[in-house]
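Here are some notes on the model shown below. Please read them with the structure open.

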Amino acid sequence: MPMLADPSIKYKPYEPLNLQNRQWPSKVVKKAPIWLSTDLRDGNQALANPMTIEQKTIFFKTIIKCGFKEIEVAYPAASDTDFNFVRQLIEQKQIPDDVWLQVLTPAREDLIRRTLESLAGAKQAIVHMYNATCPCFREVVFRNSKEETVALAIKHTKILRELTDEYSAKYGTKFKFEYSPETFSQTEPDFALEVCEAVKKAWGKAGLGEERIIFNLPATVEIAPPNHYADQVEYFHSHISEREKVAISLHPHNDRGQGIAAAELALLAGGDRVEGCLFGNGERTGNVDIVNLALNFYTQGIPPHLDFSDLQSVIDVVTKCNDLPIHPRHPYAGELVFTAFSGSHQDAVKKGFEAQRIRHAENIKKGENQYWDIPYLPIDPADLGCTYEAVIRVNAQSGKGGIAYLIQQHLGLDLPRKMQVSFYQVIQAIADREAREMRVDDITTAFRNTYKFGGSKYEGRLVLKSFKVSSEPTVDSAQGETDEPADERRLFDGSVSVDGVLRVIRGDGNGPLSALLDALRTHLECDFVIREYSEHSIGEGSNVRAASYVELVRGDQAVKDARTSTESWWGVGVDSDIAGSGLRAVLSAVNNAIGDRALPELKLNVGFNAKSGQADVASAILNSLYLELPRGLQASFFEVVQRAARATGESISYTDLIKLFQETYNYDLPEATRKATEISLERFKLQDGENGKKQLTGTLVWNGKSKEASGSGVGPLSSLVDILHKEIEGILTCKHYSEHSVSEGTEVQAASYVELSYELPGQAKKSSWGIGLDTDITASMLKALLSSVVGLDVVRKNVVNGQ
Ligand SMILES: CC(=O)SCCNC(=O)CCNC(=O)[C@H](O)C(C)(C)COP(=O)(O)OP(=O)(O)OC[C@H]1O[C@@H](n2cnc3c(N)ncnc32)[C@H](O)[C@@H]1OP(=O)(O)O
Ligand SMILES: CC(C)C(=O)C(=O)O
């Protein structure tokens, strides 16, 4: 059947109460009410599978932990489970001294007696009796007149009075009495008053404080707007006699979705106490949600006297015991309530946090309160044990601010505004394409991939392996005669992996970044200039690092065009060293810019260009032999190359260059072409010797002759020098040693470099480089040293005709 065009033929509107001079609209709530949790009774009776005793026990503990002092734990006459649960609580002394158990009973003698039995031995308890009072129930359910309804209530109140007196005498139990004119909100206000006055009289001992009789005014079914309920409560509050001896309890349900509003307005209207359930479980649409109400107080700066600091653990227990989920949009508790997906919300939240940080710093200095004031976030999620991580989530509706916030939270990077815009487009494209929410991991991974940021997994085509930035005076200032400090140029000298192949590049400029850009232009035809640069520090103390952000535009554009160019590439770099972070940011942006365009092969142009020649030679050795020559060796070999190039008409081929290197350093040559003077130390052993020194022993093979040899020193190199000194005239000194690994995993080898000098009285001092390669680092060191000896033409002791 369709909905009615005229629903008035089927539904009657509520009848407004003609309340004169109502007070509640101008009142302001200043303190939280007394709370009663009825999760284990009204909530439980609404479950498809009511809770077991075990579940009730767990739930009860959670309610206690939240801080409730009055808890309706059961309808003991309804079932053995409920009865036995009350018994368990009492017998096993599970009720804290300051907590009042409450139990519900209908106005039926047999059930009242059973209810009281369940309470035997309790320290303190509230007995809650109800009977329906509204016209519909009187007529339909009880088929009672008004008088009979009042009489029913009086009779059973008196029974209760007698029984509670009896139990007090027997067990010393303190009792409070609560009476509910059920469906109060549908009962004629004067009749509700009449029944309650009669009940108060029948109870006969309403007093002050703990002696107050509790009149619970349930909106058993919410049939009117909350202002109407407030009017009804105010009418009751202002007309009940001995008001000071009465506690007015509110029991809103949520049929119209206004349970919270009803409770809040009715508190203004005179309510002292609120009955409800955690997250609003209960009959049909539920009881009023006490978590929601309590946190509404909290966000007004009013202590709710309930603690939801670890809201998630409360959610876990409640959802498990009720076997009901919490809606993702549920106030305070839903998984989406501290989340902003939309761009303008995210932007505002991010700005709010930034502004608040500054404001709070000022407040701290001035000793003021640090008030919470963040757009779209009425409560600090941290107060409920939630982290800010969930605050911003990203989908196709999100903006740059939210994404930047997540990057800031998770990677510690405070992206410049224009870079936020640029990265936002990356995320938008993914979110649109995949039509799904971008989780934090998706975003950080996209960031790492885009900017080649965060370790080897995300490396781009160009990776900075090592670098040195040095300075030298500019030609002009170096030649100047004034006392002005000389202007300096920066030299960048580094090794960069280019598509997996290490290359040495070199450039100069006004600063390290422009020197790197110069090197990239010279060696790799990557021509870019910096349009924007910024940096900030990450961390504190000894852990502080620098984060740099660079925006590059094409270098071949006129300066004016570069400023207005719509095409640009961003990069980011983090390093403990500020120059390092800037250089990495430049490479990150260059990686972004070059995409998969082919980069020029290594060009060899030896002897002509003082700026690029040595680096190119080193780069060639790196590419073909995987050796990262130390700078001294680069310079030394470059001289060799220049001499050879001059001898061959100022040019030398790539293959010849490699051959020249191998021959010069007797390195990796085929057996037949090795120098006959080769020296080796076979089957060597390095052991601890005397005085903390090392002892090196082995078979020294020199010019084909073998002999057992031994020497000592602080390490393998000095021990080997000691061995050699026993064999030669003159003095050998180790001037340089360095090493690096070649290849990876099980294939890894150590490459060692030694520069040795040789002094023989009456002769000019000589020096020579040697290179060793071995899977064993000590063997590699010894090989390097022995290979450098070969280039020194040392004079051997007692050697006749080379033997
Ligand atoms: C608004 C509320 O939430 S009220 C609380 C509701 N909670 C529950 O009902 C859960 C527990 N209830 C039960 O287990 C059962 O209903 C019991 C044990 C209390 C009673 O069971 P039964 O005796 O089988 O009665 P039944 O469940 O059919 O209840 C209806 C009878 O109780 C009467 N009744 C209903 N409410 C009350 C009341 N508050 N006081 C007195 N009698 C009542 C009805 O008029 C009806 O009487 P009738 O049989 O003479 O016509
Ligand atoms: C027993 C009463 C108070 C009740 O649960 C209701 O009216 O909703």
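1. Buried residues make up 40% of the 803 residues in the chain. A residue is buried if 20 or more other C-beta atoms, placed from the backbone, lie within 10 Å of its own.

2. This is a predicted model: local features need pLDDT of at least 70, side-chain atom pairs count only at pLDDT 80 or more, and totals for chains, interfaces and linings use all residues. Residues are numbered from 1 along each chain as its sequence is written, while chains are lettered from A and ligands numbered from 1 in the order in which they are written.

3. The chain holds 24 helices and 20 strands. These are DSSP runs, numbered from the N terminus: helices are H or I with at least four residues, strands E with at least two.

4. Three strands form an open sheet in the order β15-β16-β17, with antiparallel pairing. Strands pair if DSSP finds at least two bridges between them. β15 (679–688) and β17 (705–713) are the edges; each has a single partner strand, so one side of each lacks a neighbour in the sheet.

5. β16 (residues 694–702) pairs with β17 over 9 bridges, in the antiparallel sense. Within this pairing, V701 is opposite S706 in β17.

6. Which residues are closest to ligand 1? They are Q45, A78, P106, A107 and N131, out of 15 that surround ligand 1; a residue counts if its C-beta atom, placed from the backbone, lies within 6 Å. Two or more residues of this shell come from each of α1 (39–45), β4 (124–132) and α5 (135–142).

Methods. A residue is buried if 20 or more other C-beta atoms lie within 10 Å of its own, exposed if 12 or fewer, and partly exposed in between; C-beta atoms are placed from the backbone.
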